[in-house]
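Welcome, and thanks for taking a look. Here is a short tour of some local features, grouped by topic.

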Amino acid sequence: RLSEYYRPAKGYWTVMTGVPTHGKSAVLDNIMVELAKEHGWHFIVWTPENEPMMEYLINLVKIWTGTGKPEPMLMKETLFEIDKHLTLLNPSDDHRNINYLIEVARCIHKERNGKVDGFIIDPWAELEGSRAHYQTETEFISECLGKIRVFSRECNVHSWLVAHPVKMQRSEDHSIVTKPTLYSISGSAHFRNRCDFGIVVYRDIYKLGSPTEIIISKVRHRNRGKMGTVKLIYDLDSGRFRSE
């Protein structure tokens with residue numbers, strides 16, 4: 001079970017990376033649904049790559065219910081339940097920056113009397129365009145990650161940041177894309193060095209039925225998990241993961 005290796009706690013933050021299409025967002029959606037169902041967590045989510053939002057919500061319903069074709073009544077009831085645990089952000093293009101997202105998240109946290117447990121930014125690439133002209137990429141990344149960390153600590157929220165690798169590395173015969181690491185994330189080693197938890201998601205997409213590898217690459221405190229790899233099978237219909 002993933003919980004043997006990774007137990008996200010409030011007040012900390014996670015960086016998640018992996019090759020595009022290998023399932024980063026799907027893994028994070030499953031973590032979010034489990035925390036909402038099992039522990040009542042409420043999440044603030046900014047996920048522009050998953051627009052339109054109705055399609056995203058339907059995918060969450062499938063994960064929540066474990067069925068690829070929920071009946072209309074079940075769909076309606078589950079959407080109502082999910083709404084209790086989810087606040088979706090949809091800022092205009094002019095407000096797609098870390099300052100605005102955290103400001104809004106703080107306001108929601110205050111309006112809910114502190115009853116916010118998770119904050120998701122998926123992906124980092126959507127924020128890169130807000131870098132000031134006088135900042136180097138490394139300076140910009142360091143500043144943004146610092147703000148995520150401060151928000152997580154001050155509001156007692158667990159934050160997730162999904163970031164793509166700089167480029168795909170292939171094996172010598174070019175047959176497979178090799179596994180990235182936290183240091184593969186485009187821009188700066190700060191992603192690896194400053195996070196509390198680091199996760200890499202990898203799947204051999206050229207091998208039918210291959211498992212999704214969830215590689216726990218960094219755990220700051222031992223009581224919150226341990227480094228290692230969990231292999232899970234992805235069910236395309238429901239969007240859920242199961243053990244091999």
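Helices (H or I, at least four residues) and strands (E, at least two) are DSSP runs, numbered from the N terminus. This is a predicted model, in which local features need pLDDT of at least 70, side-chain atom pairs count only at pLDDT 80 or more, and totals for chains, interfaces and linings use all residues. Residues are numbered from 1 along each chain as its sequence is written, and side-chain values use heavy atoms, with hydrogens and water left out.

**Cis peptide bonds**

- Look for Pro-52 in the loop between strand E2 (43–46) and helix H2 (53–65); the peptide bond that joins Glu-51 to Pro-52 is cis, with omega near 5°.
- Between Asp-122 and Pro-123 the peptide bond is cis, with omega near 10°, and Pro-123 belongs to the loop between strand E4 (118–121) and helix H5 (137–155).

**Positive phi values**

- Asn-113, a residue other than glycine, has a positive phi, near 55°. You can find Asn-113 in the loop between helix H4 (98–111) and E4.
- With a relative accessibility of 68%, Asn-113 counts as exposed (exposed means over 50% relative accessible area, buried under 20% and partly exposed in between, with a 1.4 Å probe and protein chains only).
- Asn-156 also has a positive phi, near 55°, and is not a glycine. Asn-156 sits in the loop between H5 and strand E5 (158–163), and its relative accessible area of 42% makes this residue partly exposed.

**Aromatic rings**

- The structure holds 9 aromatic pairs. Rings of Phe, Tyr and Trp (its six-membered ring) pair if their centres lie within 6.5 Å; planes under 30 degrees apart count as stacked, over 60 as edge-to-face and the rest as tilted.
- One of these pairs is Tyr-6 with Phe-197: the ring centres are 5.3 Å apart and the planes stand at 85°, so the pair is edge-to-face. Tyr-6 lies in the segment before strand E1 (13–18) and Phe-197 in strand E6 (residues 197–203), so the pair ties together parts 191 residues apart in sequence.
- Tyr-6 and Phe-197 are both buried, and together with Tyr-12 they form one aromatic cluster.
- Phe-43 and Trp-160 have ring centres 5.8 Å apart and planes at 40°, so this pair is tilted. Phe-43 in strand E2 and Trp-160 in strand E5 are 117 residues apart, so the pair links distant parts of the chain. Both Phe-43 and Trp-160 are buried.

**A charge over a ring**

- The charged end of Lys-226 sits over the ring of Tyr-5, 4.9 Å from the ring centre (a charge sits over a ring if NZ of Lys or CZ of Arg is within 6 Å of the ring centre and within 35 degrees of the ring normal).
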